[in-house]
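Please look over the sequence and the structure shown below before reading on. The report that follows treats strand pairing and the packing of nonpolar residues in turn.

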Amino acid sequence: MSAIKSIRSIAPLLDRILVQRIKPETKTAGGIFLPESAVKELNEAKVLAVGPGGLDKEGKRIKPSVQPGDKVLIPQFGGSPIKVGEEEYSLFRDYELLAKIND
């Protein structure tokens, strides 16, 4: 099995969405550093790549609900983890995403 050299080489299939979890801030707006134990892991992620969409019963393509660059809420557990070097990514199905975050 060959190692994945770059996350850009991964193209999600069907209704799968490639995301990277956004790391929570470890410093407050006032400049106070928070201990790692006090920083709760957020379920916020950035969409990196999107598959072309799944197929309905008639064989018509169902367009994904998000696009690369969108911020989304993901479940605490689930998805298929992918590790490239030291970076961690996850693949979710479109219907597994909880919400799209509008800034």
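## Strand pairing

In β2, Val 47 is the bridge partner of Val 19, where strands are DSSP runs of E with at least two residues, numbered from the N terminus. The strands β1 and β2 pair in the antiparallel sense over 5 bridges, pairing being taken to require that DSSP finds at least two bridges between two strands. This is a predicted model in which local features need pLDDT of at least 70, side-chain atom pairs count only at pLDDT 80 or more, and totals for chains, interfaces and linings use all residues. Residues are numbered from 1 along each chain as its sequence is written, and side-chain values use heavy atoms, with hydrogens and water left out.

β1 also pairs with strand β7 (residues 87-93), in the antiparallel sense and over 4 bridges; here Val 19 stands opposite Ser 90, and Arg 16 stands opposite Arg 93.

## The hairpin of β6 and β7

Strand β6 (residues 80-84) pairs with β7 in the antiparallel sense over 5 bridges, and Ile 82 stands opposite Tyr 89 in β7. Between the strands of this hairpin there are 2 residues, and Gly 85 takes a positive phi near 65 degrees.

## Nonpolar cores

The largest nonpolar core has 9 residues, including Ile 17, Val 19, Ala 45, Val 47 and Phe 92. Such a core is a set of buried Ala, Val, Leu, Ile, Met, Phe, Trp, Tyr and Cys residues joined through side-chain atoms within 4.5 Å, buried meaning under 20% relative accessible area with a 1.4 Å probe and protein chains only. Apart from it lies another core, of 8 residues, among them Ile 7, Ile 10, Leu 18 and Leu 91.

Conventions: Buried means under 20% relative accessible area, exposed over 50%, partly exposed in between (1.4 Å probe, protein chains only).
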